[in-house]
Every structure is written in C-alpha cells, then in structure tokens.
Amino acid sequence: MPEQQQKERELKAAFIQHLPERIISIGNDWIQLSQGIWNNTLLKKLCLKVQNLTGTSGGFGLINLSESSFSLEVYLGNFIDRDTIPTIEQQQTVGTLISAIKHESDLIRSKSGTEKPANRLVYLLLSNNKLAPGLTGMLEEQGCTVLGFNHPDDVEGEIQRRLPDVLIIDDSFLARFAMLKRELAIQQERQKLHVGVICISQTRDLEQRLLALRSGVDAYYLTPINTQDLTDRVIELASPKTDCYRILIVEDDPSQADFAASILRKSGMKTQVITEPLRVIEALDKFRPDLILMDIYMPNANGIELTTIIREHPDFVMTPVVFLSGEQDTDKQLDALSVGGDDFLSKPIRPRHLVNTITHRVQRARILEKQHHHPNSRDLLTGLHNRRHFYEQLDQTTTRIQDLAATGGVLYISLQKAGNDRLSPENDGYLANLGSLISGLLEEQDIAARIDDDSFAILILRPHQKNIISLAEKLAHKLIELKTEAKLTPYIGIATFGSEQSSASDLIANASAASQDIQGSDRYVNLYVEGGGPRNRANASELPDLFKQALQKRSFQLFFRALAHTQKAGTKAYDVKPRLLLPDGRQLGSSEIMSLADAENLGTQFSQWLIERALVTLEEKRAEGKNNLLIVAQSSKSIFQGTITGWLRDQLRARQMVGVGLVLEYRIADLSIDLKAAKEHFVQLQEMGIKVSLSRFGASSTALKVLHYLDADFVRLAGPVLKADNEEISGIIAQIRKNGANIILPAVTEPESISSSWLESADWVPVISGNSHY
C-alpha cells in the first residue's frame, strides 16, 4: 500500500477511535446552551465543532456521519446572530439530530472493531503482578471484570461457581495445572462453554513451552509482555465466535465446485462458486472472501495466472490462496506456490482434510493481518513511538483542546539529505542516538514518534508558545551536533493548536508545510502561521495562496449532501462538496473553490483530488455491499487540457474497479468553448462506466440541443427554471426524457416554493435533514 494511503488510513482509524469524545462535547455544549442563558458566542463555538465533524468525516469518506452532521450544522445555522431562543420543538429537533450523529458514530465504531465488547470475566493466576504491568487496567478499560488469584485451589473453587471467559496463568503454575484443567473440562462440558487459557512465561525453555502446549493453552506469551497485544488476544478469546469463514471457490467444473462447496457449507462456512475464471476480480470485490480455493487448469485463464493477478491487488495480498487440483507433478505444484499460493491440495481429497486445511489457513491469515494492523507502539530503531500510536494520541488531544490549560502543538522534524545521502541500515546507530536525544529533551506528557524514514513528530504541551519554540531551537542545535556519515540537516516545523478547528491531519500537514518552507535555507525552525499572516479577515488577494496551500496539504474539507430518489425508496446519491475554511472563520464553498482553481490554472489538479476522494469512498461502500452514486463537480478546463481521462483510467485500473457509482458534473455553459472536445470526453467517461451530469441546466432550446448532442445521463436544473408554469414544466420534462436523462432539482433556501409538478416529476431531490426532503 502506498505510504500516503497508509497514513490516511491511520489518521482515519484515530479519528474513529475518538468519535465519542467529539460527540459528547457537542452534546454537552448544546445542553449548556439550551438549559442555561442563550449565548450566541457559545452557539458559534458549537457550530464550529459540528462543522469540523462534518468536514473531517466527509474527508475520510464516512458518508452517513457527514450527512447527519451536515444536517445539524445547517439547522443550527438558522439560530446564529438571532435574539430569539429556539422553541421547545426546535430544541427537540436539535436533540434528535445529535442522537442521529451518535447513532452513526456507534455504527462506524462497531464496524471498525473499536467498540468496547460486552462485559467479560477474566481470572488472573499470577505469582508476580509485575509480569504484565498495566494489564488489569487495560482489560477493565475494555469492559472486562478482572479477578486476581494467588493459588490454583482458589481458582478451582471459583470455577465451580462461575466460569471465566479467559484464564491467564504464569508458567510457574503449569506443573500444578492438571487438577485445575480437569475441573475446567467438567464445567465447560456442563455449561457448553469454552474458556480460553493464556500462559505467561519468563523463560524461553522449550520443555516449558511443550508443557504449556500439552496442557491445552491457547496462547503463550514471553516477558517482557506487550500489554496491548495481550489485551487484544484476551478480547478475541472472550468474544463469541459468531462469524463464519467466507470461501471463494474458483473451479470451471460445476460438479467439482459444488462438491467442495457442500463440504465447506456443512462445516459452517459461506461459499461462492465462480466457474468463469475471468470473473474472479469482480467476485473478490463483492464477496470479500477469507480464502480462495483455486483450481489450476481452467479455460481463458489458469489458476497460476489468476493468483499472480490477485497478488498485484493491494486489498488481497494477504488473502490465502489454496490450490485444489489433480496435478501430481511436483514441479507444477511448486510453480503454483511460487506465485503466491499458500498450500496445494491434490484431488481426490478427504472432506476432513479440506476443512482442516482451510480453517488453519484462515486462522493463520487473521493472526498475521491482526499483527500487521496492530503493531507494537514503539519503533524498533529509535525507541520512539510509531506513527499509528502518535496519530491516536494527537487525535485524542485535539478533541479536548478547549480543556487544556497549556498551549499545545506539533513539532515536525524533517532530516534533509545532502546529495543522494539516505538513512540506510548503516545508520541504525544514528537513529538510536537520535531517539535517545529527542526523548531526553521531552517532558512526561510529550509524545515523540517516527513518522517515516526521514521525519519525526512530537506532540508537545507547554505553558506558552515561546516554550515550544525554545524547545524546537534547542532540539535543532542538538541534532546538528549529532554525528552521522550522511550529511543530514534538521528542519523543524511548528504548528500550534489554534481552535476547535484543529484536527490531527491539519496539524501534521501544517507542521510539515512549515518544515518544507525553510528547507535549503539557513533557518532550522519555522512556526506555521495560518494563511501566511495574522488571523484576520482574508482579502481577495490572499485567497489564491490559501487555495494553493490547501491543495498542497490536501486539507480541503468534504461533506456529502444527500439526494433522495423520488421513485426508489432507500436509493441515494450524494453531492461531494468541498469547502475551505479561512483564517477568519469564514468558508469558501465549492463554486468559489472551483473558480479559484480555474483562475490559478489548477482546475485539473483539484478535479483529480476530488475524484480520488470519491473513488476511495466508493471502494469502501462497495466493500459494505452498498452502491451509492457520488456526484463530483468538475472544472471544464480539465476536459480541454486533455489529461484527466488517462489519469482516471489509470486510477480505475489500479483499484480494479469500473466507474460504477461515479458521476462527474460540468456546468453546461462552460462546455460551449468546445462542444466537440466535450463530446469526446463524455464518450470516454461513459466507456469507463462513469456517468455525466450537466449542471445549471436552463432548459432553453439551446440547452436541450447541447444535452442531445452530449448525451448526458443527468441534468441539474438551474434555479430560474423552477419558476416556470405547469405547462412549461411539462414541455421541459418531455424534452429531457426524450434524451434519456435523469432530472436533479437544485438545492434552494425555500423548498416549499417549488412547484408540485417538479416534485412529482424529478428523479432526485436534495435532502434537507436526516429524515426529510422536498
């Protein structure tokens, strides 16, 4: 996975982890407002929090949360700078919208596995509590009840009264575990439950490990213990096993495929059979299997070729592939394994052998994936924290900025190399010294991490901003003095917490930008200043620079404005809307941003960024089995520069997807510059499965001729068209339908003014709130 994508996923995971704190803060502010004296300053502060939640969740592709938050944002905006206090009914509406946000947050956390599990019972039989420091507290934080014991007899008596979900013992009790094991077996058989057993050992003695294995231990940990890993394993063992393995069977012989599928289904597995090899990638995207059972010899594409292609797809690098074939030639079997196969089974095969092999392979893959996604929180070379842990702590801190008595910020340290010098394995000693140097200058509350090969970050809290700058300068001088064969110069960027608008991704991007701005200069420390100057009202001359900074840092906010289908209940499309927050608290909308992009000849780059965000979201929705439409406004200049189509084709190919679900929208008036080029562009998009929409559609005779020529899939009506009389509306609708296009109504401030003829005839209408539309 590309480094940037991995960073974005880690930031998203940190954001999801701390959603409850954000929503609690929003709820508390509303309670303070509604139950106390109405305060417009506090209301604006609340709106800013909601606005940030809308934009950040949208940027991470969390459509439903962004939609719910946007509904609250719009509703609260009605009361800003008004002297009237909301009525009881209006206050209840706000409460309902906040509840909707919490509901979406709970769903997201549940799907991502960050929700705390139901209460579990854990028994600890340890001779020394220092074997796993902090374990009890971490387990209790995860919703477990923990009981500690000093003697096996005490545990045996407690087991007769209550079975735990997990029993943790240290290896000093293994020799006396036989009696306890018998009692466990009796109670497990009586209650039809399974107790997970974990052993902690202070020795690497193989005989002790064998004793644990023969005693039926489920997991074995050596000291020093990674408490987080141990906690994760306890939760896994204590959680009910309700999921079933998903197995994709690729076999051109239907009878052979059905035979294997029936065996696996009887063992509680879910199967899908593919008899046409060329449909494998499509099936992978939709079915998302835990394992692929693959034949070798098939028409059109053999199993070795398919496995090679599957291993090129980043989402399925870790998915086990087990070959099941009648091939007896050892060399042929090795060829199959050499392209990424995990096992080779020969036909005919005994059902038990097939089930056991698949079960063990899936279990092993899940353990490896868990280790891949939940690594140790420390970087091995520097001893500093890793990036994932840093993002989690930074995101947690940004949710409580208002409660901090101190000033906080991020230091971003970039090591600039002279010539082609790089940090290589030979620099391990330098990295270790660097980690020690950084750690020695920090206070207990600070968190330092290695972000990538040549950059580091520090989350820092100090009484005043000048203390942060002083530390950065001291750190820079110390790093310059640190000797290394490679000529490395440190450049430190500083971004301080400004307001509730600050997010983890913004702070990292700002500090990194401040570091980049001074690279190659004689300065080593640089403080990021929003907008390149004081936080005052941004004038028109500053907007281009603010836009360029946001494009470089990818810091535009996104929100999703829902459109509901008038005929198909539950079917939804979304307008993907960017916005740019300005230093004075104002925001630029999508139209203003697009105009800025075109004026600065950056329309294509901005269009690409928007499309990329939409594709990431569509990928995630597809994995959930949902097919939504995402409508993305585009710069017409991206057509005439002739570069967007090739780039888009490469994006779809890299993601192994077609453009189903993506709708690109262009202002109809902008296309008149070169209708022939626009027509060619639209044809290329539609060949890739991407639909096209024309916005600000005036429904004049000229507009209808353009629609017919371009053969667009959607038209979004211009505001003035809504004022037509019923006879004109009928004629316009007939002409649009004649060209086979869907009708989208524009968003207006007074939806009640829209004619019922439009409401009854349009295909898509904007949703005002989470539960109503016009």
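Guide: Start with how the angles are taken. Axes are lines fitted to C-alpha atoms, for helices over the stretch in contact, and angles run from 0 to 180 degrees between N-to-C directions. The model is a predicted one.

Now take helix 2 (residues 19-35) and helix 3 (residues 40-59). Their axes come within 10 Å and cross at roughly 155 degrees. Angles over 145 degrees count as roughly antiparallel. Helix 2 and helix 3 are therefore roughly antiparallel to each other. Their crossing is left-handed. Helix 2 brings Leu19, Arg22, Ser25, Ile26, Asp29, Trp30, Gln32 and Leu33 to the contact. Helix 3 answers with Leu42, Leu43, Leu46, Lys49, Val50 and Leu53. By class, the residues of this contact are nine nonpolar, two polar and three charged.

Helix 3 also packs with helix 4 (residues 63-77). Here the angle is about 155 degrees, and the axes lie 8 Å apart. That makes helix 3 roughly antiparallel to helix 4. This crossing, too, is left-handed. From helix 3, the contact includes Leu43, Leu46, Val50 and Leu53. Those four residues of helix 3 also belong to its contact with helix 2. On the helix 4 side, Phe70, Leu72 and Leu76 are among the residues in contact. The contact of helix 3 with helix 4 has nine nonpolar, six polar and one charged residues.

Next, the strands. Strand 1 (residues 120-125) and strand 2 (residues 144-149) run parallel, joined by six bridges. Val122 has Val146 of strand 2 as its bridge partner. With helix 6 (residues 135-141), strand 1 and strand 2 make a right-handed β-α-β unit.

Further along, six strands form an open sheet in the order 11-13-14-12-15-16, with mixed pairing. Strand 11 (385-386) and strand 16 (525-527) stand at the edges with a single partner strand each, so one side of each has no neighbour in the sheet. The partner of strand 11 is strand 13 (residues 447-452), paired in the parallel sense over two bridges. Within this pairing, Asn386 is the bridge partner of Arg450.

Helix 18 (residues 465-481) touches strands 12, 14, 15 and 16, and its direction makes about 170 degrees with that of strand 15. Helix 19 (residues 504-517) touches strands 12, 15 and 16, at about 135 degrees to the direction of strand 15.

Conventions
Residues are numbered from 1 along each chain as its sequence is written. This is a predicted model: local features need pLDDT of at least 70, side-chain atom pairs count only at pLDDT 80 or more; totals for chains, interfaces and linings use all residues. Side-chain values use heavy atoms; hydrogens and water are left out. Angles under 35 degrees count as roughly parallel, over 145 as roughly antiparallel, 65 to 115 as roughly perpendicular and the rest as oblique. A crossing is left-handed if the near helix is turned anticlockwise from the far one by less than a right angle, and right-handed if clockwise. Contact means heavy atoms within 4.5 Å. Ala, Val, Leu, Ile, Met, Phe, Trp, Tyr, Cys and Pro count as nonpolar, Asp, Glu, Lys and Arg as charged, and the others, Gly among them, as polar. Two strands pair if DSSP finds at least two bridges between them. A crossover is right-handed if, with the strands pointing away from the viewer, the path from the first strand over the helix to the second runs clockwise.
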